[in-house]
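Hello,

Here is the structure we spoke about. Please open it first, then read the notes below.

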Amino acid sequence: MGYEGDLPQGIEGASAAFIEALYEKYAADPNAVDPSWQRYFAGLEMAAGATKAGPSWQRSNWPLQPSDSLTQALDPTQMSLEPKPAKGKGQEAAPAAAPAAGATAEDIRRAADDTLRAFTFIRTFRVRGHLAAKLDPLGLEKRAEHPELQPAFHGFGPNDLDRPIYLGGLLGLQMATIRQVHETLCRNYCGNIAVEYMHINDIEERRWIQERIEGPEKDVYFTKEGKLAILNKLIEAESFEKFLARKYVGTKRFGLDGGEAMIPALEAVIKVGGALGVEEIVIGMPHRGRLNVLTNVMQKPFRQLFHEFAGGSSQPDEVGGSGDVKYHLGTSTDRGFDGNMVHLSLTPNPSHLETVNPVVLGRVRAKQTQRGDKERTKVLPLLLHGDAAFAGQGVVAECFAMSGVPGYNTGGTIHFIVNNQVGFTTSPKFARSSPYPSDVAKMVQAPIFHVNGDDPEAVVFATKLATEFRQTFKRDVVIDMWCYRRFGHNEADEPGFTQPKMYAAIKSHPFVSAIYAEKLKAEGVVTDEQVKQMEDTYVSRLEDEFEASKGYKPNKADWFEGRWSGLHRPVEGVNGRRGADTGVSAEAINAVGQVMTTWPESFKIHRTLERVIKARAEALKSGDGIDWATAEQLAFGTLLKEGFGVRLSGQDVGRGTFSHRHAVFTDQETEEKYIPLLQISPNYEVYESILSEYGVMGYEYGFSLAEPNWLTLWEAQFGDFANGAQIIIDQYLSSSEVKWLRASGLVLLLPHGYEGQGPEHSSARLERYLQLCAEDNMQVANCTTPANYFHILRRQLHRAFRKPLVIMTPKSLLRHKKAVSRLEDFLEGSQFHRVLRDDAETGRQSELKLRPDEQITRLVLCTGKVYYDLLEERDRRGQDDTYLLRVEQLYPFPAQAIAKIVSRFPNLKTVVWAQEEPKNMGAWSFINPLIEEVLVECGTKPTRPVYAGRAAAAATATGFAKRHAEEQARLVADALDA
């Protein structure tokens, strides 16, 4: 049942008969029972004696005394760590008196029964007290009185309420009446703060929470200075929204109106976090309140924001890009409290609520790695949510699922839910199936602090406790602040259409600053004049900034600073040289090859794997037959030797979906792991992820934002699984640079290729990535040789800019006898080739002798695996007038490189684009006009390419092997026949 206190272990399962029998042994000889039971029975005797003594017991031996172990609360808003003064200071706990004369065994039995029922009563409040809490500031949620929270439910009648009961340290008390217990529990659990934590298995975590919220002394308390600081932040938050409403009438701003207590709460996270070792906080949040956070917390210049409201750009003119609306943008700053400097960064995000969550977590993980923060206490993720989104968006659960996984743990996230009690126009009963939006957090046993947003002291106090919990236990924690949206979904909305009762109540509901100011005036903390002065000072500052905004111009972009120093945007045009010197020395290859093909003598490697690894070693030794997996490990290993980091993440990436990679060896007896490339550098991470695409890809994208000097790769189990993360691809990967000036070098590895295995897993949906390509935003490739794969991976870090890279990786080519490379293809002087020449011309995988260039009449362009099918059939036919050209990089489109090849053949009659995918898929729609432009520019007789491939289809591939073979043979024949 989770009893905590100075009580005998196992008492929660004890019956009255058992306790009575044990008491008889104790009465005969106290040393006959365990010391904890000795203390317990002594307490029962005192309770029985106090009952005999009557009402005088409270005035003599048993004052209502908290235990000495209770800790004082930090004041998270006032800039000092000032403890709460104890009530009744100077009182000392009286020594235990002997039981009053006349206490009988029956008295002891009743005292024991009272204690056990009191235990159950207390536990009921711990579990269900939140159901009676006063959380809704509008008072619309009518909560019935919960019968289990009444003494009568637990067998205490009217005459029992003032009888002394032994508590053994529960609630920080040794003894009290059930009336006092009830009053204390109601204050602790049923006020403006309600805590859900009894779903937590860890007893230390439960005790930690209980020590901070339970007991007669545990009212929320702030110093006068702390209260004034809270009031001032409320006034700033409210005045800011009113100022915007007055200056920009009818303009959408997604204001914080109704949830202003969030601003002093965020200040509390920074202050308390800084005092507990936090050096950096990465924030993610939705639209609502973002402008308020940007200015009043992140200290973005007001004049800059007003400039954006007037239609100005958030970026310097020379930067270009599409830009984005004001309430999607991010910023960074440094804030200091009590001498502790904390760096803050707010991550930009699109309108897709909650998508930013995994991005923030990935950024935090990278920053923790940079700081050597192995305890994960220096960099803190802080995520703000709307209630409907937190409950409704599955990526929230995906992020919780990652929170305790070794490769993705960030030491816990502070989640702050701005509980509007409505999602756009949808009421909670239609928006979720659970009582609270926060219930999804119970999947990781996160404590949940529900709090009334009209009680800013309670909000700040709950946030302070949440921050302390995260820093102490390094686990997720949730604050659920109940509030409301004063003006609906946005300022142009009419919420009365759908929530008339709520908005009738809101219309007459006072602002939270007014409610709190009245409270402080009643306490003698502040006067009307002081409140007005706070408002006037702040609004005067806003007016000055408003005037200054008229001449404001952003003078720099902040994207190539800090870790990104030395990097820049590409200086050439789309068709300019993008190469890099990615070849390596033979010594480097040998060194990496030695590491990746050996293991400790005591390690029991799988027999089949041993043959695979030895084959790799032999290929490296002979300099021929280097396959895909070997090339990949060489790319990783050489980058590690050069001081870069490598992070590979996804489902089953250690072995590889197709049992090809074997980056991680498993001992066949102990199941211990051995990762060869770790012997080169500790900055090599191979993490098998949870079964998620959306969350994990977003996480790796976030990692790549914060760390440009690591090769960050996410691999799909099969390429088509990536569409589970389409939001990340659409809203971040392909467009974050033009929207938010945020570059990324993330690599997506997407297995792709038609092998007759049905519509699932054949296609990685190449067409979708190509459709997103524009403005030099990313790279899309479909390599056909291990060496070219090696070079394109190394190229990611050997250029002075970063672009996302989407690679259609192979399946059958992983072991194809012709899809191999020679050692010379990796050495100094070699590099990535955007187009690859015909193997008949290079003498590699073809023995056919092509005709002279003037006699070549057919040019077949293709990409990926189909090249080898075309090569085999062309060579079988002896068709020596046909040239096969591989387009290895589809975007940026290598027009000049293709034109150079095309210009060699003056007598071309036919130019073909061949692909395995249906006509409405694959590269055809994208590449057709681009090839046409090249042909026109080169002046060839054919001015348009001919299509050779499958017919347009709804499904990506057939599910019948025979039909697949027929289709494949037909498209190859179409490509080669006149």
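A helix here is a DSSP run of H or I of at least four residues, and helices are numbered from the N terminus. One caution before the findings: this is a predicted model.

**Helix α14**

Start with α14, residues 456-473. At 1.5 Å a residue, its 18 residues should span 26 Å. The end C-alpha atoms are 26 Å apart, so the span agrees with that expectation. Most of α14 is covered, with 16 of its 18 residues buried. Just after the helix comes K474, which takes a positive phi of about 55 degrees.

**The sheet**

Next, look at the open sheet of eight strands. The order is β3-β9-β10-β8-β7-β4-β6-β5, and the pairing is mixed. β3 (193-196) and β5 (331-337) stand at the edges. Each has a single partner strand, so one side of each is left without a neighbour in the sheet. From one strand to the next, the twist averages 20 degrees.

In β10, M481 stands opposite V451.

**The largest pocket**

Last, the largest pocket holds about 870 Å³ of space. Its lining counts 36 residues. N788, H833, V835, L836 and R837 lie nearest the centre. Four elements each supply at least two lining residues: α25 (786-795), β19 (835-836), α26 (839-842) and α28 (895-902). By class, the lining has 14 charged, 13 polar and nine nonpolar residues.

Best wishes

Technical notes:
Residues numbered from 1 in each chain as written. Predicted model: local features only at pLDDT ≥ 70, side-chain atom pairs only at ≥ 80, totals over all residues. Heavy atoms only, no water. 1 Å grid on protein atoms, 1.4 Å probe; cavity = no way out; pocket = protein on both sides within 12 Å on 5 of 7 lines; lining within 4 Å. Points joined across faces, edges and corners; volume = space filled by probe spheres on them. Nonpolar A, V, L, I, M, F, W, Y, C, P; charged D, E, K, R; others polar. Expected span 1.5 Å × (residues − 1). Buried < 20%, exposed > 50% of the residue type's maximum accessible area, 1.4 Å probe, protein only. Pairing = 2+ DSSP bridges. Axes fitted to C-alpha atoms, helices over the stretch in contact; angles between N-to-C directions.
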